[in-house]
Amino acid sequence: MQKILWHRIPRDLRKGAFRYAALSLLVILSVYMVISLICSAESIIRGVHMHAEENLVEDGQFETFVELTEEEQAQIRENGVTLEAQFYLDFPAQVTAQAAGEQQGEKDTEAPAGDLMRLRVFRVRREADLAEFVHGAEPVQKGEIALERRFAEVNGLVTGSRISVGGTAFTVTGICTTPDYDNPVENMADSSVDSRHFGTAFVTDEQYAELKASGGALRAETFLYAFRLPEEGMDLHGLRALLESFPFEADAVKDPYFQAYRKEQLGDARVLRDLLESPLFSGERYDDMRSRLEPDIHNLQSFVSAEDNIRIGGSAADMYVNLYSSLVAGVIIIALFAYVLAVFTLHQIDDASAVIGALYSLGVTRRDLTIHYAILPTLITAASGIVGTIAGFAPFGAHYQMMDSYNYYSVPEIAPMVLPYIVVYGAVLPPLIAAAVNVLVVRKHLSRTALSLLRRERKTRRLKALRMRRLGFIGRFRVRQMLRETRGVLTVLAGLYITLMLVFIGLDCDVMCRHLRQSSREDTRFSYMYLYKYPEQKVPEGGEAAYALSLHKERFGYDLDVTLLGIDPETRYFDAHVRTDHNAQRVVSVSSAMAQKYGLSVGGEVTLVDEENNRLYAFEIGEIVQYAPAFYVFMDIDAMRDLLGAEEDYYNVVFSDQPLDIDPGRLFSTVSYSSITRAGDIFIELMQSMIVTMVVLSAFIFVVVLYLMLGVMIDHSAYDISMMKIFGYRGGEIRKLYVNGNILMVAAGTLLIIPLAKKSIDALYPLFISNVACAMDLSMPWWYFALIYAVILALCLVITLLMNRRIGKVSPAEVLKDRE
Amino acid sequence: MFVQVTDLVKNYGEGDSRTQVLRGISTGIRKGTMCAIKGPSGSGKSTFLYCIGGLETPDSGSIVIDGQEIAGLRPAALSEYRREKLGFVFQFYNLVPDLTIRENIEVCRFLTPRPLDMEALMKTLGIYDHRDKFPSQLSGGQQQRTAIARALVKNPSLLLCDEPTGALDSQTSRGILTLLEEVNRLYGTTILIVTHNNAIPQMTHRVIEIRDGQISREYDNEVLIPAAELQDL
């Protein structure tokens with residue numbers, strides 16, 4: 001029996017060629033999008049990890065005040081640890097000339113006036129975080145330099161270009177990436193990459209020494225060590241304990257700012273300590289007294305494991321969101337299309353009702369027919385799935401999607417990976433879903449009796465006529481028509497829900513970035529924020545002192561930085577009204593960015609982790625302060641000093657509305673107003689293509705689904721429409737009865753679906769950006785919703801007009817078919 | 001003549017499979033009369049009816065209804081013609097199953113500025129008590145009464161009935177035919193009834209017999225037998 005029925009399949013395909021082609025195109029497009037996203041995400045995740053391993057990515061890094069001695073380094077290495085000194089200096093840089101004949105680069109190379117281009121210069125590495133060259137090779141002699149890829153690309157630099165670093169001219173010999181600057185942020189506290197103004201560079205040992213001697217660095221040399229732990233034995237805690245156990249001779253620190261700071265810390269005790277330094281006071285007893293007078297400082301300035309280092313694997317971390325959301329979205333979209341195909345099949349079954357009844361009467365089983373009717377949708381989905389999968393793996397698929405990562409992160413060239421599970425997902429899962437959905441739906445539909453099918457009996461939905469009298473005839477007719485086409489309308493609304501979710505993924509991103517940009521501008525009142533390494537005793541004139549402590553708070557598996565900020569109660573730069581009473585250490589103010597991200601509210605509790613000292617801080621939230629650019633927990637500076645056991649005049653941050661004369665060597669970094677506001681601009685720039693893609697793709701899916709389903713509804717009602725034509729109804733009147741009602745239902749459903757889709761995506765959005773430390777204000781102005789609704793109605797209107805042609809094609813002779 | 005048909009030709013199919021269904025039919029029907037179109041299956045009687053109703057387009061020939069040529073009209077004009085002048089009654093009623101009896105009739109009431117009184121019509125046709133039921137809740141005879149009410153509510157000048165009693169038992173058939181008789185008498189509606197039943201032509205003013213696409217015989221009944229007295233229905 002199946003063999004005979006097989007002959008009908010090509011005929012059915014020809015009959016519904018347009019519909020099947022349109023739906024096939026949608027499946028291809030969706031599978032293409034999903035596969036390209038999954039493949040790009042997997043390729044980045046696995047590729048970055050693979051390249052990082054090949055390039056000996058560190059297990060962690062630490063900074064010291066003074067260089068470790070040879071003995072100390074030997075002691076570390078004895079434990080099987082690979083240690084490499086990766087000292088660096090930050091220099092101002094300026095592009096002096098492009099390579100001859102080269103016009104590469106994304107933008108013009110001249111930085112805006114006042115925006116300083118900064119290069120972090122390292123020596124060429126040998127044991128950890130090796131450079132992988134995209135173009136050229138590493139420098140081998142003086143005057144040569146290798147640049148990090150993103151910095152080079154954004155500033156139009158290629159091999160052969162000339163660049164001035166700290167006043168020294170260099171020729172670019174290579175463009176490279178390193179695993180420790182995958183996310184090439186200047187400071188660990190930065191929320192976004194700014195490759196236009198910051199990058200890393202590598203020079204020979206000799207050149208590095210010369211640069212260091214030139215004195216052109218923006219700040220003191222940083223003694224950074226990268227390490228790789230052995231498979232067994234020494235672990236992170238062990239290494240840290242070992243580092244903290246090393247004796248520290250504060251006098252050995254050459255950094256004048258450190259010494260000045262140390263003296264300031266000693267204060268009046270310095271006189272006594274100097275006295276104890278004299279030969280008169282030698283011996284263990286006096287050594288002990290001297291050490292007691294030292295401030296509590298050891299050589300370990302910071303210790304960061306690779307896992308906690310936001311610069312390592314940042315590109316891969318971003319991709320998990322894409323990966324999981326694409327996997328889920330793919331299944332939902334394919335299920336929707338499978339259902340649309342099933343609706344087509346049901347329409348065919350209704351058409352062939354009498355034939356099916358006759359076949360039943362002749363002994364053909366329901367199983368035979370179920371399989372027969374499920375074959376075509378399954379084959380179409382299978383073929384479309386294969387084409388979509390191939391397109392997803394093609395250069396315009398995964399590789400194109402990977403460009404987002406290439407254009408933001410400093411990742412090496414990674415080839416898209418064709419993983420078996422992705423092939424199965426794209427080529428096997430769609431037909432499986434289609435087969436399952438079709439068998440379920442068709443089987444139920446074929447479970448009618450032979451007589452019922454022969455008589456073409458239609459299931460009637462009986463709404464009590466009395467209840468609908470007030471509606472008037474046209475209204476009642478439309479309601480009944482809508483009820484008759486509930487399946488189609490629900491499919492349209494399901495399609496609309498899915499497409500609107502795609503729209504809101506894009507628009508949420510858009511509004512979030514715009515809010516961030518707007519709020520950053522409005523909320524940031526300071527022009528400069530100076531982060532001190534060695535604070536001066538006296539706060540620079542014109543500055544406002546604050547005390548910042550970097551802590552962590554977990555969200556969806558990501559540990560994000562939160563700053564506990566002690567501020568002046570009369571601060572000019574924040575709206576916080578910090579407590580100064582006996583509750584000052586217990587009740588805090590929280591920035592709006594943090595409240596949005598963590599879902600905090602007044603009266604609730606916020607807990608912060610000090611991983612370095614293994615402490616947990618719990619506070620009550622007294623107020624939410626409007627401040628979008630960063631996660632801050634504000635408290636009174638004196639209360640914070642007291643809480644953390646700091647000196648009563650201690651500070652490590654100064655805010656100012658004008659540039660202050662502070663020695664760069666004293667500073668960790670300077671955050672300017674423009675760098676904060678630029679973060680929002682960079683986000684928008686990065687996300688623009690994704691936003692547009694999402695909105696266009698979803699509009700396309702909606703139009704096709706609506707068109708196809710309205711077409712099915714009209715075909716479903718062809719007999720009735722034919723009757724209406726026999727009675728003398730005009731095209732417009734028929735449209736009013738058979739199409740407008742459905743459009744009305746779609747229009748009404750849309751009013752519910754828009755907020756539902758928005759709520760759904762808002763609920764999921766924190767997961768999508770769980771690794772991004774920024775405010776998450778997803779509120780949209782009313783006109784966004786009005787515009788979406790208007791666009792949907794406009795699309796409906798266009799499709800309704802298109803439906804006129806289809807209605808025109810329904811012949812009055814349709815009624816005669818039954819008789820004949 | 002209210003209906004004037006001249007040299008009407010209708011073919012189905014192409015090439016070797018081409019079948020001539022109507023082979024140059026010419027006839028006329030007076031206004032306000034009842035006419036039976038009789039013939040065996042496949043004779044072309046229904047095709048003739050559908051050509052008059054504008055559902056089938058003739059290949060050649062002329063059809064003039066109430067002075068209006070309809071043979072070459074475009075679909076929109078044909079739609080207007082059906083709207084203004086025609087009522088249809090089918091063998092299988094063709095009611096909209098999702099609409100109640102009242103609503104099925106209302107479907108056509110909206111097509112004319114001067115519809116008949118629906119309540120009165122339903123009472124006349126004996127379906128008033130069932131007005132809020134759905135077609136599937138009614139017997140075949142009641143459904144056909146509804147179909148007649150639907151056709152009549154817009155007060156058409158020409159009522160085309162295709163085997164109106166073909167699916168009904170003799171008792172119910174008699175009732176339906178009596179109803180058509182009353183409609184013709186009360187409203188002066190010209191009624192064409194396609195049938196293969198030999199008894200029905202006895203109640204109509206005129207009889208046209210079609211065989212193999214041609215009129216084999218046509219005549220006027222001098223004595224009409226009331227529908228209620230018809231035998232062998």
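Modeller: Ground rule for touching: two residues are in contact if their C-beta atoms, placed from the backbone, lie within 7 Å. And this is a predicted model.

Colleague: Fine. Which residues does Val21(B) touch, leaving out those up to four places away in sequence?

Modeller: Lys10(B), Asn11(B), Tyr12(B), Gly44(B), Thr47(B) and Gly213(B).

Colleague: Is Val21(B) buried or exposed, and why?

Modeller: Buried, because 21 other C-beta atoms lie within 10 Å of Val21(B). The cut-off for buried is 20 or more.

Colleague: Which strand is Val21(B) in?

Modeller: Strand β2 of chain B, residues 19–29.

Colleague: And what is the strand order in the open sheet with β2 of chain B?

Modeller: β2-β1-β4-β5, four strands with antiparallel pairing. In chain B, β2 and β5 (68–69) are at the edges. Each has a single partner strand, so one side of each lacks a neighbour in the sheet.

Colleague: How many bridges join β1 to β2 in chain B?

Modeller: Eight, with β1 covering residues 3–12. Asn11(B), for one, has Gln20(B) as its bridge partner in β2(B).

Colleague: How far is Val21(B) from Gly67(B)?

Modeller: 26 Å, C-alpha to C-alpha, and 46 residues along the sequence.

Colleague: Switching to the interface. How many residues of chain A and of chain B are in contact?

Modeller: 25 from chain A, 26 from chain B. On the chain A side, the elements giving two or more residues are α17 (472–484), α22 (718–727) and α26 (816–819).

Methods: Residues are numbered from 1 along each chain as its sequence is written. Chains are lettered from A and ligands numbered from 1 in the order in which they are written. This is a predicted model: local features need pLDDT of at least 70, side-chain atom pairs count only at pLDDT 80 or more; totals for chains, interfaces and linings use all residues. A residue is buried if 20 or more other C-beta atoms lie within 10 Å of its own, exposed if 12 or fewer, and partly exposed in between; C-beta atoms are placed from the backbone. Two strands pair if DSSP finds at least two bridges between them.
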